[in-house]
Amino acid sequence: QVQLVESGGGLVQAGGSLRLSCAASGRTFSSYAMGWFRQAPGKEREFVAAISWGYGSTYYADSVKGRFTISRDNAKNTVYLQMNSLKPEDTAVYYCNAARTLQAIQRGDYWGQGTQVTVSS
């Protein structure tokens with residue numbers, strides 16, 4: 001079992017930055033691929049970024065490439081999402097998840113409860 005708790009959301013002006021954290025419980029954190037997803041009001045949940053468990057390979061949605069950075073600290077059982085140059089369209093509830101493989105990241109084996117990010121124009 002892996003439990004995930006997100007933090008770091010809030011209200012920021014367009015062009016600003018936020019760093020989201022996702023703290024995981026469990027001793028096997030380092031063996032999971034980790035991902036960030038978001039869901040805006042009235043829209044479906046969408047993929048934002050993912051990081052593999054081994055080499056730490058990273059993947060991004062085109063909409064955030066060059067602005068967001070995903071990273072992980074296995075010693076702290078934490079995955080981060082650094083968000084720069086935020087836009088109003090980044091407003092959403094952000095969720096982290098964990099999966100045994102990157103191929104399974106869309107489905108996810110475990111999900112956090114989400115943290116709200118609001119970007120004002």
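This is a predicted model: local features need pLDDT of at least 70, side-chain atom pairs count only at pLDDT 80 or more; totals for chains, interfaces and linings use all residues.
How many residues lie between E7 and E8 in their hairpin, and which residue in the turn has a positive phi?

**Figure 1. The hairpin of strands E7 and E8.** Strands E7 and E8 form a hairpin with 4 residues between them. In the turn, Asn 77 has a positive phi of about 50°. The two strands, E7 and E8, run antiparallel and are joined by 6 bridges. Within this pairing, Phe 68 stands opposite Met 83 in E8. Strand E8 is mostly covered, as 5 of its 6 residues are buried.

**Figure 2. Strand E3 and its partner strands.** Strand E3 pairs with E8 through 6 bridges, and the two run antiparallel. Along this pairing, Cys 22 stands opposite Val 79 in E8, and Arg 19 stands opposite Gln 82 in E8. Strand E3 is also joined to strand E1 (residues 4–7) by 4 bridges, again in an antiparallel arrangement. Here the bridge partner of Ser 7 is Ser 21 in E3. Because 5 of the 7 residues of E3 are buried, this strand is largely enclosed by the rest of the structure.

**Figure 3. The disulfide of Cys 22 and Cys 96.** A disulfide is a covalent bond between the sulfur atoms of two cysteines. A search of the whole structure finds 1 disulfide. It is formed by Cys 22 and Cys 96, whose sulfur atoms are 1.9 Å apart. The link of Cys 22 and Cys 96 is right-handed, with 45° about the S-S bond. Since Cys 22 lies in strand E3 and Cys 96 in strand E9, the pair ties together parts that are 74 residues apart in sequence. Both ends are enclosed: Cys 22 counts as buried at 0% relative accessibility, and Cys 96 is buried with a relative accessible area of 0%.

**Figure 4. The largest nonpolar core.** This core has 30 residues, and those with the most contacts inside it are Leu 4, Met 34, Trp 36, Leu 81, Met 83 and Tyr 94. Several strands each supply at least two of its residues, among them E3 (18–24), E8 (78–83) and E9 (92–99). Apart from this core lies another, of 6 residues, including Ala 33, Phe 37, Ala 99 and Ala 104.

**Figure 5. The surroundings of Tyr 94.** Leaving aside its neighbours within four places in sequence, Tyr 94 is in contact with residues that include Leu 20, Trp 36, Leu 81 and Met 83. Glu 6, Arg 38 and Thr 115 are also among the contacts of Tyr 94.

**Figure 6. Aromatic rings around Phe 37.** A pair of aromatic rings is described by the distance of the centres and the angle of the planes. The structure holds 3 aromatic pairs. In one of them, Phe 37 and Phe 47 are arranged edge-to-face, with 5.6 Å from centre to centre and 75° between the planes. This pair links distant parts of the chain, with Phe 37 in strand E4 and Phe 47 in strand E5, 10 residues apart. Ring pairs link Phe 37, Phe 47 and Trp 111 into a cluster. Phe 37 is buried, with a relative accessible area of 1%.

**Figure 7. Two arginines over aromatic rings.** The charged end of Arg 45 sits over the ring of Trp 111, at 3.9 Å from its centre.

Notes:
Residues are numbered from 1 along each chain as its sequence is written. Side-chain values use heavy atoms; hydrogens and water are left out. A nonpolar core is a set of buried Ala, Val, Leu, Ile, Met, Phe, Trp, Tyr and Cys residues joined through side-chain atoms within 4.5 Å. Buried means under 20% relative accessible area, exposed over 50%, partly exposed in between (1.4 Å probe, protein chains only). Contact means heavy atoms within 4.5 Å. Rings of Phe, Tyr and Trp (its six-membered ring) pair if their centres lie within 6.5 Å; planes under 30 degrees apart count as stacked, over 60 as edge-to-face and the rest as tilted. A charge sits over a ring if NZ of Lys or CZ of Arg is within 6 Å of the ring centre and within 35 degrees of the ring normal. A disulfide is a pair of cysteine sulfur atoms within 2.5 Å. Two strands pair if DSSP finds at least two bridges between them.
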